[in-house]
Amino acid sequence: MVYRTSMPAPESRVPENRRGRAVGTFCLECGSVYPLHRARHVGKPVYGRDHIAAPCAHEGDRFEPGEGWWESAVEVLPAPAETSEPEPATA
Ligand SMILES: [Zn+2]
């Protein structure tokens, strides 16, 4: 199975001009990305650490709208090539 090499990121952390399509659900707690169709934080993530010392606090939880612990995971697009100004430092 082939995945893109760049890992998706939480939508709010990606500049608007670099947001690609939504590819899943990003758990802000453990940094794992689950497939779009999965409604709960269960099973193997699409992206995530292979060895997690302790299970995520949200393991088994539903991705309910309005909850603050997850966000849409979006593809991160390459920076626009014709940028003449230096990019602002990211905090
Ligand atoms: Zn998690």
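**Strand pairing in the predicted model**

Trp70 in β4 is the bridge partner of Cys27. The structure is a predicted model, in which local features require pLDDT of at least 70 and side-chain atom pairs count only at pLDDT 80 or more, whereas totals for chains, interfaces and linings use all residues. Residue numbers start from 1 along each chain as its sequence is written. Strands (E, at least two residues) are DSSP runs numbered from the N terminus, as are helices (H or I, at least four residues). Two strands are taken to pair if DSSP finds at least two bridges between them.

The sheet is open and consists of four strands in the order β1-β4-β2-β3, with antiparallel pairing.

Strand β2 (residues 19-27) runs antiparallel to strand β4 (residues 70-76), and six bridges join the two. Within this pairing, Ala22 is placed opposite Val74 of β4. Val74 in β4 is also the bridge partner of Ala9. The pairing of β1 with β4 is antiparallel and extends over two bridges.

Thr25 stands opposite Tyr34 of β3. Five residues lie between the strands in the hairpin of β2 and β3, where Gly31 adopts a positive phi near 80 degrees.

The loop between β1 and β2 contains Asn17. For burial, C-beta atoms are placed from the backbone, and the other C-beta atoms within 10 Å of a residue's own are counted: 20 or more define a buried residue, 12 or fewer an exposed one, and counts in between a partly exposed one. Asn17 counts as exposed because it has 9 C-beta neighbours inside 10 Å. The C-alpha to C-alpha distance between Asn17 and Val76 is 9.4 Å, with the two residues 59 residues apart in sequence.
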